[in-house]
Amino acid sequence: MTTEYIRYTITDPARRAAFEQAYAAAAEQLDAAPECLGYDLAHGVEEPEHYILRIAWTSVEDHLKGFRGGPHFPAFLAHVRPYIGDIEEMKHYESTSVTSVGG
């Protein structure tokens, strides 16, 4: 498993609401994609113009070749395309042994 983190900066409050609506619609494609294991869109509290999208993928290759080359990507991209210019970072990460499930 690999985790993709995408950082967005959206300064216009009106665009923030539209951004969240776009990702809610795009999420249907993530839910349908076998390569996607889950996702979470977080919104900044202290800095509300910041968002972080976390997507868990089965692997980097499954994300880049499977999802992006598969049937769900075009509809996903259609929803989020207006926000591509707002991306500050888009990278894949792997977990380390430093982790907790809470308690």
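This tour visits the salt bridges one by one.

You are looking at a predicted model, and a search of the whole structure turns up three salt bridges. As background, side chains of opposite charge can pair when their charged atoms come close.

**First stop: Glu89 and Arg7.** Select these two residues and show their side chains, which meet in a salt bridge with an N to O distance of 3.1 Å. Glu89 belongs to strand β4 (residues 87-93) and Arg7 to strand β1 (residues 2-9), so this pair ties together parts that are 82 residues apart in sequence.

**Second stop: Asp86 and Arg15.** Next, select Asp86 and look for its salt bridge with Arg15, where the closest N and O atoms are 2.8 Å apart. Asp86 sits in the loop between α3 (73-80) and β4, while Arg15 is in helix α1 (residues 13-32), so the pair links parts 71 residues apart in sequence. Is Asp86 buried or exposed? With 14% relative accessibility, Asp86 counts as buried, because the cut-off for buried is under 20%.

**Last stop: Glu61 and Lys65.** Finally, move to helix α2 (residues 60-67), where Glu61 and Lys65 are four residues apart, separated by about one helical turn. Their salt bridge has its closest N and O atoms 4.0 Å apart. With the surface still on, check both residues: Glu61 is exposed, and Lys65 is exposed as well.

Note on methods
Residues are numbered from 1 along each chain as its sequence is written. This is a predicted model: local features need pLDDT of at least 70, side-chain atom pairs count only at pLDDT 80 or more; totals for chains, interfaces and linings use all residues. Side-chain values use heavy atoms; hydrogens and water are left out. Helices (H or I, at least four residues) and strands (E, at least two) are DSSP runs, numbered from the N terminus. Buried means under 20% relative accessible area, exposed over 50%, partly exposed in between (1.4 Å probe, protein chains only).
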